[in-house]
Structure formats: structure tokens, C-alpha cells
Amino acid sequence: MATCSCCCGEDELTKQLDKIIEPYRGQPGGLIQVLTKAQELIGYLPKWALISIAKGLGLSLQDVYGVVTFYAFFSLIPRGRHKISVCAGTACYVKGTKMVTKTLREVLGIKPGQTTPDSRFTLEVVRCIGACGLAPAMIIDGKDVHGRLEPEQIPQILEQYA
Amino acid sequence: MKSLDELAKIRDSRRAALKIREGVPSATEKAHIMMCGGAGCISSKCTDIVEAMKECLAKNGIADQVQIILTGCMGPCDMGPVAIVYPDATFYRRLKVKDAEAIVEEHILKGNPVQRLLYRTPGAKEPTRCVHDIDLFKKQKKIVLRNNFYIDPTSIEDYIARDGYAALAKALTQMEPGEIIEEVKKSGLRGRGGAGFSTGMKWGFTAAAKGSPKYVVCNGDEGDPGAFMDRSVLEGDPHSIIEGMAICGRAIGSEQGYVYVRAEYPLAIERLSNAIDDARRYGLLGKNIFETGFNFDIEIRIGAGAFVCGEETALLTSIEGKRGEPRPRPPFPANAGVWGKPTVLNNVETWANIPEIILKGAEWFSTIGTEKSKGTKVFALAGRINNTGIVEVPMGTTLREIVFEIGGGIPRKKLFKAVQTGGPSGGCIPADYLDTPVDYDSLGALGAIMGSGGMIVMDEDTCMVDIAKFFIDFCVDESCGKCSPCRIGTKRMLEILERITTGNGKEGDIELLQELATTIKSTALCGLGQTAPNPVLSTIRYFRHEYEEHIKEHYCRSGVCEFKE
Amino acid sequence: MITLTIDNQKIAVEEGTTILEAAEKLGIKIPTLCYLKDINVIGACRICVVEVQGAKAYVPACVAPVAEGMVVRTNTPAVIKARKLILELILSDHPMECLTCVRNQNCELQKLAEAFGLTEIRFEGEKTSYPIDNSSPAIVRDPRKCVLCRRCVAVCTEIQTVNAIQAQERGFNSLIAPAFNEQLANVECVQCGQCSLVCPTAAIHEVDDTGRVWEALADPKKHVIVQTAPATRVQVGETIGAEPGSIVTGQMVAGLRRLGFDKVFDTDFTADLTILEEGNELLQRIQTGGTLPMITSCSPGWIKFAEHFYPDLLPHLSTCKSPQQMFGALAKTYYAEKAGIDPADIFSVSIMPCTAKKYECTRPEMKSSGYQDVDVVLTSRELGRMFKQAGLDMANLPEEEYDAPLGISTGAGEIFGASGGVMEAALRTVYEVVTGKELPNINFTECRGLTGVKEATVQVGDLPVKIAITNGLGNARKVLDKIRAGEADYHFIEIMCCPGGCIGGGGSPIPTDTEIRLKRIDATYTEDERMALRKSHENPAVNELYQEFLEKPLGHKSHELLHTHYTKRNRYQEEEC
Ligand SMILES: Cc1cc2nc3c(=O)[nH]c(=O)nc-3n(C[C@H](O)[C@H](O)[C@H](O)COP(=O)(O)O)c2cc1C
Ligand code: SF4
Ligand code: SF4
Ligand code: SF4
Ligand code: SF4
Ligand code: SF4
Ligand code: SF4
Ligand code: SF4
Ligand code: SF4
Ligand code: FES
Ligand code: FES
Ligand code: FES
């Protein structure tokens, strides 16, 4: 494997992860909750974290990995500083998601699912962010909704995120 | 809180304080400004407006005489940010930060509503000031969203003031479990999550099922892309869900509930978990509620981005921390649900109906709606339509009324083409059927479904083959992959649609699509696969000519598809 | 009882019966693919759908319970058409390489295609393209051929409780694999091959080593010898279509000679030897206060399981090598010396019901002769394949005898192949060694059968010996957890990795199910009774071996050649720093 998946230099994280695991020790039922919190803590789910979680909850790594890869919310790779989620829900699709994604691909030079080489943006396509009234919409960093998007505005919007 | 008296006391004192929201001027307060705090309005920066208003109020020295409250979604999201100012129930729309001053200084201080911010019915000369006079709202009937104009979703007392938890009190002190179930059965309430199964029957099965403990689950996964009804309830009136579930707990003999909410709804999760904490603090959840010996508590489980987890068996598995893969039924959740125990699972909107049914009675409820579909239905209107947002209408309202009267028709004088209900499981309904009343059975007969309430309007610029491809693409993405018809079949359907929309369609492709669709529908393991072909079948049914144009003439009348030969 | 109608015939069955089972009683065989009785009942492939009156969609017969008054049609044109389309879809995501496939002619998918008369695949499109994993010396994973029936997962997690493979990703990208699609060799897979035994296709199969054996046989410089495990003689017949439970010892020996093996020996011989070593080890542990309970160590799948999952219990394991590896060590020392052959020229092959033995022979400890003790392990399935390739008609071969001395054995060695066999063989010897008296009844029937955990107390002189016998790793866990908890007061435990023991090993002929296991077990005890000698300590060749070479059980040479040690392993894919 190309990248080291060990935990050296991550002592502090390890400790905090242990705290997340602790209430669920030996309880496989808590897996999704633990993964959610672990991702919140670390930003993504590195292999070492999955191993700790598997051990803590009494699961095989296979079970943990199977769950991680089942749910779109979990990421096994580090993401950019800013996450752009373009809505491709029906309302947005009907009102022009295609254009938005196309522009973002051009401006950022990456495909959905990828991260820019400078680790600034991760682009992903999601289904409905609940802002259908503002279609087409995208949400940045899980909180800033940008609605009624026109391709021309996009570069400007991105400038706000360093 | 221990007793009914205490509840009544809180209700009465709080109700008095909120009289202003019912139009009664108050001696001590000038106004309550209800600012929509739904996702749409928040994203149009309504909180900045609130800040500006607060500053302005302070500047004018009346900060203590005006309350500003962030509510749940009020419905007309694309006019957002919107607000209602009480006591005169003035409805403002498209607010900007700079409008804060006008509202405070003109309206609140001088009593002159700001004309330019009022709503104007398209075509009308004069704006309409009062929210109760606006057509868009008049045609609606609010049961599920009964509180969204009125309460602060973060205040349990606001909820109690609107008779909140009175239904639970009634269920605990005046009704036997069997009676509760009977009442729900008699109301004719059918599940709002899509399938429309009788809620009372479902409770009855679970009550009768062997095994304990039993569980009560709220399905707040809301995965249908283009629908956000459940979100508006969770954000705007979270206690109604808690109360509904507790009533069910009493009816079926359960002490533990779970609410499954998708992770994409952080605000809903926050509001709901605060509401749960408040309810616990008030003794409305926990041990020995109202000193009746009844215990009930609720935990939140957060979904992690899998549409299929809306399917009931998948959701239950997901609650257990596993891959959310559906399993064959029987056994049904009523007999084997969470942790293999008897479980009632209902949709958010279904739950929100329960307190009203218990409080006002089945008879009242069953006067609303059609013969086989009682009550109201919340829809999320979106797409090529003027008023996008949330509407709640009595069952039996026609599609035309929803699209043209409430929804305000199609923008830019474009031609209506179709309305899509039921999301990826549903179908497209063309203009010829606009006078169909919305209820479970009429929509089903048209090859669409009621679904959970997504309603997407399409105009002449929408290519129906492209839309069919969009929905199948969604299902391919979201298929769990467990069963072969769905895993491979939907993928093959997508591939065929891809070649049709790029000009590589072949003679016989339509028939092949139909053959695949029928087989997938009749053989897939769960509802996702069983309904995934619907959008394709319904577009072939009503728009076959568009398919043929793509295949034979490499022509897309909406100009959406790009043909590369 | 529930009454229903299937294809116009009425039938009454017990509540909880599935439509599939009810139909079977009427002689109606509904096709299946993902279904594995009692083990995998998940309704995933949808090949078994039937029409039920009143139901909105078709119903999967394998999971749907019968209901009173149900009216089922299993073969309407519409149902057949639907099944056929599902199969067509499955094949549209399958590399159709039957001619060059290890499961050619013994593949459930291929059989379905034939039965449904499929003549065309109308779909072209993306196919699953995960790479083949041939990292393991025993098991190959080929996800391209996987139909995602999850039978392997069910066996690995439910029966074996190893959980080395699981469903990963979702939708069209679904994959059955270890976490991170890691190679099997690098994870806690115990190489038992039970997954390969239940896989309906070639998506998981044994590593095919026949080529290396053909090569050795063709090499005039090599002295190629072969040993056959106890279980093989009640298995190999099935590979050419004989009834399960057929005993083909003599024909197998004859066939092996015709393939060109220079000597045909028997693992039964070292099974007898194992009893002497292991029996004495047990007595020594009892007498000297050694670690008890002592657990058998002849099943490499079990050994690897213990190393990954119960490393703390490794001191409980007998230090005896498996009979295969004892044989390997002796072949290139004792036999080489006796026959005057340079061990470097000996090519040692074993025929095993087992995939884990392919892995075992590559373990670095297994070189006590100075060479790799066993060069190649072939499974029963591979031997069947070699016979076919050579055009040998086993059914019509004469019965021949094993070569001496490493081919001489007793019934005690023979019963090693069945769960409880090692224990019974050990008791036959330990009793007589300890008491000095002849056993009144040689058959310890309490050791026999398919029960997951068998327990008994056997009076050996003054000593009541408490024993336990488990088969299938899930059952082993039950006893191991007791030991961990300090609640086990056994002296001696036999643990076999595979359900039923080696007769149901991961290298057995396909199909292998409970019924077939029982038939092979019956055959095993029949064979035992046919033997002139039935106690290991009466094996003259073993006694000669001690006199000429080893001196005594647990002696210095024994330790060097016949005993081994174990390694603690990670359960998780942890990298060493
Ligand atoms: C693929 C799929 C997705 C579903 N998604 C949801 C959902 O997001 N919310 C929901 O309430 N029901 C959803 N359902 C329906 C549920 O399975 C279930 O029928 C419903 O929650 C029951 O509640 P009700 O009786 O109150 O409608 C979905 C069903 C399927 C097959
Ligand atoms: S129909 Fe689709 S989502 Fe449902 S079980 Fe089958 S593969 Fe999974
Ligand atoms: S697995 Fe079966 S169907 Fe597939 S190539 Fe091999 S023999 Fe043919
Ligand atoms: S079965 Fe068909 S494809 Fe296979 S070898 Fe014979 S003719 Fe060729
Ligand atoms: S060989 Fe055994 S342990 Fe390994 S994957 Fe197969 S069943 Fe599991
Ligand atoms: S590897 Fe074989 S047994 Fe396992 S899921 Fe795939 S086809 Fe089924
Ligand atoms: S039980 Fe037999 S076949 Fe199975 S792993 Fe052990 S030795 Fe091999
Ligand atoms: S148990 Fe396995 S190793 Fe032992 S004799 Fe039987 S086949 Fe050989
Ligand atoms: S912890 Fe180990 S593996 Fe990781 S970087 Fe340090 S040395 Fe390398
Ligand atoms: S469809 Fe885009 S926000 Fe709902
Ligand atoms: S979010 Fe404000 S009206 Fe819907
Ligand atoms: S055999 Fe019944 S679904 Fe696979």
C-alpha cells in the first residue's frame, strides 16, 4: 500500500477516538454512530481508525469496511478543505444541475468525487439538500447553501473559500 | 411535570402570552415577528435579517417589546426569506437585510406595513397583506403543518400552548391501548411514507405480535430527491413527532422509540434532539409519564447517506449499525423489526397526524379527504413552477389546483408538460390528467404513485427520456446490490437509455426497456427495485413519441440531449 | 398443518415450511442459486420466483413461508420468462469462459443456463472487473465470476465465524472480499476453503496445482511419491460421478500408480503415528501438570484460526504436526534413507480433502527435513481432474494396495477423516497403554456424528478422562470461550476446522452437504471395520519406525521432525512498525 495507514504522530487523535468508542465497547450496534463521530473528528476514516473501531466494538474489519463503503456519507480518503456538494436532486436537475456541474468541473479541473491538487476543494454530487425552492443549488461545507445558481456566478462564489 | 393540571397551567399561561399570534393585540408587546428559519430561508440568509432587525429594535429602544422567532419552513420557499408579523398577520417575502429597518420603523413603530415587501398574486393590482387572505395559503389545509406559522420550534412551551401533549395526556389517562388503536384505525389514516398502508392496522399487528420489548420507529430518512416535507416538520414542529410516537408506545406497549434522520439534515437533528431533551426535562418522556406508570423514551439514529435505508427493513437493519440492505418480508417489522422485535415504523408526516387525531377524534379527521384517502397530504412543489415550496392540501385536491392555483403555474409562459410524483418510484403524469384528484388510488391508476410527497413540475424544456434516465441513474446509484434484478437490471436499463439519449438507440430498445421494467418490478427484493422502473414505464406510456424521435431521428424536442454519432 | 396448492396439487405441510420445500415434497424442483439450506436463506438471486395468487409481485420460493389456502404456480410461461431474464442479466455481468473454467461441468450457473435454454445475451454493457486475487496458496477469488449469492459469506461468518470476507461497496459495484479488497493471504482467512465448497460458480475456488504435479511426474530425475489422506478414499469416487459414500481406496491407489507416481503411500500411516505422539503428549501433560485441556493440532485451518483469534490459547495446542506434515518430514528423511534416495530428488505430493493443507505445506516451519517437507498438496477435486485428464476410468480400475512401509495403517488412522475420529483413535490407544488391558469395546460411538459439540467422560483405568469434540469453527468457539472463561475442565479436546471433519473439508468434491457428509462418515466407519488392525499402537510399520529411527514417542528425533510450534497472529490488517 502506498500510504502509511498507521497511527504514529496521531496519539492525540487516537485518544479522542478511544473516547468516542468507549461507550459502545463490545456493542456492534453502535457502529454507524461511532463511524459518524470518528469522521467528524478526523475528517475522514483512515484505516487505523477502522481497525480501532473494529477492535473496540468487537467486529471484524470486514464488517466495518462493508458498512463504510455502503454509506455515501463516509469517506476513506482525506478531503479538501472545502466540500462542494452539488445537488442533483430532481428539482435541481430539472432546473439545470448539469450546467452547474459542468461549470464546476471546468473551473476546478476535477470530476465529482475528486479533490483539487491543492486540497482546497472536494467536489461531490448529492441528491437533494432540501433547498429545492432555490434550485439549482449547491451546498458548501455542509452549511452554506448557494441557490438559483447561474454558471457565471460560480467562480465568484468559489473565491469566498480559501 | 407530574400531572395534567400542570400541563394545563403551562398551556394556559403560555397561550395567554401567545395571544398576539392569534391576532389579539397585546398591552405589553408590539409584535411577534415569525421569521422563517427553514433551510431555504436560512440559505437566503434570513438570520442576517434577524440580526439587523434586532439591532434596529435596540436602536429604537423597543427590543423588549418585540419577539423575533425563527420558525420551521413556512412553505413558499422560493419567495424566501419570508416572515409573518403578528398581531396583524402581515406576510412579507423576498426580504433583504436592508428591509429590516423599514419593517421595524414603518410597520412596527408606525403601524404601516411595507407595501413593497408584500405578496402580490400574479395579475392582481393590489398586494395582499394578510397571510390568511393569500390564495396560495387559502387553498391549503394545515393539519401536519398546523404549528409552522405559530410556534418557536425550540420552545416546548410554545408547542404546549397549541394543545401540545394534550393528546398524549388524553391517551394516557382516558384511553385504553386498544381504544387508541381503534381510533387511529377509524380515522382512516394511511401511511404517508409512500405505500399508504393503514396506520391503525399496522399498530394493531404490532400490538398483537408476540415478543418484547417492542419498538416505535420514525422514518425520517426522506431520501426522495426533490422532497423536503419531513424535514419541514422535523425542523418546524419536532414535538408533534415525539408526541405521536409516545402515543403509539402506549398503544402497542413499547417503551423505546427511535427516530432515523438523514445526516444531510443537521438542523432537523439539532431541533429534534433539543425537543427530546426538553420533553425529558418536562417529564413527557422518561419514566412514569403523568404518573400513569407509562415509560417511554426516544433515541435519534442518524442515517449516513443511503436512499435504500428509507425502505423499512433496510432502515431497521441500519439502526442496528449494519449495511442497510433490505431483507425479504415476511417477517414484517410488526413481528420482527429492530433487534428482531415487534416494531411499528411510520413516516414523519404520519406521526405528526397522530396527536390531532387523538385529540380531535377519528370522526373529525375522516371528514377531510376522499373516501379511501383521509386527511391531508403535504407536497414539496418544485421544478418549473412559480411557487416552489411546501404545501399541505386535503386529499382529493386536483393536480391542476395544486400546480396552477397554489403553485402559480409555469414561469415564463412555458407550456406545462408533466408533473412527476413519487420521485424515483413514481411516474410522470401528462397534461391530460391534470384534473385527477390526488389520492393513493387515482395516482396509482395513472402509473404514478402518491409517494412521500415530492411533486416536480416539468415544462416543454424538459426531455422525458432524459428525465427517465435521471431517475434510473439515481436507482442504479442507490441500489444496494443485494438482488440481481435490481443490481444488474437497472444498470442495463440505464445503459440502454444512455445510448438512446446519445443517438445510438436501436430498433427494439423501447420493447427491451419494457421487458426489463416489467421483470424487475415483479421480481426485485424490495420496494426500490420494484418501483425503480416506474418512471421509465410511465414516460414510455405517455411520451413514447419522444423515445421514438430519439431513436429514429436522433432528435430531442427539448434540446436537452446531445447526440454524438 | 397448512394446506396449500402448488401447480394444481394440494399438499399439507408444517407451518414455517417454505414454498420451495413444500414444492420439493411434490417432486417439483424450483431452480435456486443463492439458497443454501439452513445456511443462506436470503432471497437475493430471485431465480426461484413463483407466482402466488393475489400477490402483487412474484414471490421467492426459497424464503417465502407457506400460508393457508395459498395457490402457487411454479411454471407459468410468465414466471419462466422472468427467471430467464434474471439469468440473462446475471450472465450479462459474467465472463463466459466455461471452456477454460475450473468449474466447467460442475457449475450451478452453467447448469441453470443449460436448463433455461438460454441462447442469447441481449445486453452489452459494463461488467464487473475487480482483479483476480491469487495471493493465497490455497484459495483463488475471481470476483468477475461472482453472482453475489453470499453463500460464501454465510459459511465464513455463520459456520466458521472467521468473517474474512463480506459484502463491500454497493449496487453494481458490490464485491465480496476482505476489507479494503485486501488479498486473502494477508488477512485472517484460515484457508479452510469452506467458501469454495459452497460457491455455485468459480468465483472462489482452490488453487489448481495439478500442473506442478504433472511437471514433476514428467521429470525423470524426480522420485515422485504421494500420500492420500484418510478422507480422500471416501470422496474421490464422487468426482467421477460415483454415489457419495463410495469407497474407492484400491482404485485410487491404482489410478495414482497409472498417473506415474513412484510410490503410493498413505497418510493413515502417519495418522497412527500422530496417535502415539499425541497420546503420549497427553499423558505426559496429565502426569506432569502441563497445560490442559490439550487440543488436537492436525487441522491446519483450525491452527490458523487459533493463531488469529485465540493466540492466548496456543499453549493448549498439542505440538504434534498434522499427519500430512509428519509424513512429509519422514518421507525426506526416514524413507529417503531407507530407500537410498537423495531427499533433494524426492517430490512429495499429498492428496487431501483440504485447502488449508496447501497453505500448511508452505509454512516456514514445515522444513524439518531440510527441504520443503511436502511439495504440493492436491485436493480431492484436483485429483479427480487429473484422473479425467489422464483418461483414467477409475470405476474400472483394479483395486491395488499401498506401498510399504509408509502405506501401512490401521482403522484408527482411517477414522481421522471424520469428526471425532482422532479422539476415538487416541482413546483406543491411550486406554490400552495406560491400563495395559485390551479394550472391551473398540467403538467409542459417543465420539461419532455431526453434532457440533460432543462431550463425554471416558474411564481410562482410574482416570476419568473428560473430552470434547467440535467440528466447524463456530462450534470450536463455544468450547474455546469456555476455556478462556476458566469454565472448561476437559483433558482433551478434538477440534476440526471443517463441518463434519475432513470428510467435509474445503477440498472435497462439490457438492458437499449434510447428507453427503453423513454418507462419507458411514463409509469411513465401514472402512475402519474392514481393517485387520484398528488400533494405532498395533501398526507394525509405526513400531518399526520407532525401532529403526525415532526411538520413542516424544523422543529427540520426534521433536525435531514431528512436532512444531505456533505463531501469534493479528486478527486485523495491522502493519508492523
Ligand atoms: C426505497 C425506498 C425508500 C423509502 N424511503 C422512505 C423515506 O424516506 N421515508 C419514509 O417515510 N418512507 C420511505 N419508504 C417507505 C417505507 O418503507 C415505509 O413504508 C414507511 O416508512 C412506512 O411508514 P408509513 O406507513 O407511515 O408510510 C421507502 C420505501 C422504499 C422502498
Ligand atoms: S431491489 Fe435493489 S435496493 Fe432492493 S434489495 Fe434488491 S438490490 Fe437492494
Ligand atoms: S463459473 Fe460457471 S458459468 Fe462461469 S465461466 Fe465458470 S463454468 Fe462457466
Ligand atoms: S458447448 Fe458450444 S461453445 Fe462450448 S465447446 Fe461446445 S459448441 Fe463450443
Ligand atoms: S477459506 Fe475459510 S476462512 Fe477463508 S474466506 Fe473461505 S470460508 Fe472464510
Ligand atoms: S464468491 Fe461464490 S459463493 Fe461467494 S457470493 Fe460470489 S458466487 Fe456466491
Ligand atoms: S478439518 Fe480437515 S479438511 Fe478442514 S481444514 Fe482441518 S484438516 Fe483441512
Ligand atoms: S484430519 Fe485432516 S490432516 Fe488429519 S488425517 Fe484427516 S485429513 Fe489428514
Ligand atoms: S508508525 Fe510505523 S508504519 Fe507508520 S510511519 Fe511510523 S514507522 Fe512507518
Ligand atoms: S432537489 Fe436540489 S435541493 Fe432538493
Ligand atoms: S424555508 Fe422558508 S418558506 Fe420554506
Ligand atoms: S434461490 Fe431464492 S432468491 Fe436465490
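What follows is a walk through chain B, from its domains to one interface and then to a ligand shell. This is a predicted model, in which local features need pLDDT of at least 70, side-chain atom pairs count only at pLDDT 80 or more, and totals for chains, interfaces and linings use all residues. Residues are numbered from 1 along each chain as its sequence is written, chains are lettered from A and ligands numbered from 1 in the order in which they are written, and side-chain values use heavy atoms, without hydrogens and water.

Chain B splits into domain 1 (4-138), domain 2 (156-366), domain 3 (376-459) and domain 4 (464-553). These bounds come from an automatic or database domain assignment.

Take domains 3 and 4 of chain B. Their centres, over C-alpha atoms, are 22 Å apart. Each gives 15 residues to the contact (heavy atoms within 4.5 Å). About 1200 Å² is buried between them, 65% of it from carbon and sulfur atoms; this is the accessible area (1.4 Å probe) lost on being put together, summed over both parts. On the domain 3 side, K417(B), P424(B) and C428(B) lose the most area, together 43% of what that side buries.

K417(B) also meets E546(B) in a salt bridge at 2.8 Å, N to O (side-chain nitrogen of Lys or Arg within 4 Å of a carboxyl oxygen of Asp or Glu). The count between the two domains is one salt bridge.

Now ligand 2. Its shell holds 13 residues, the closest being C480(B), C483(B), C486(B), C526(B) and G529(B) (a heavy atom within 4 Å). By class, nine are nonpolar, three polar and one charged. Here Ala, Val, Leu, Ile, Met, Phe, Trp, Tyr, Cys and Pro count as nonpolar, Asp, Glu, Lys and Arg as charged, and the others, Gly among them, as polar.

Definitions and conventions. Buried area = accessible area lost by both parts, 1.4 Å probe.
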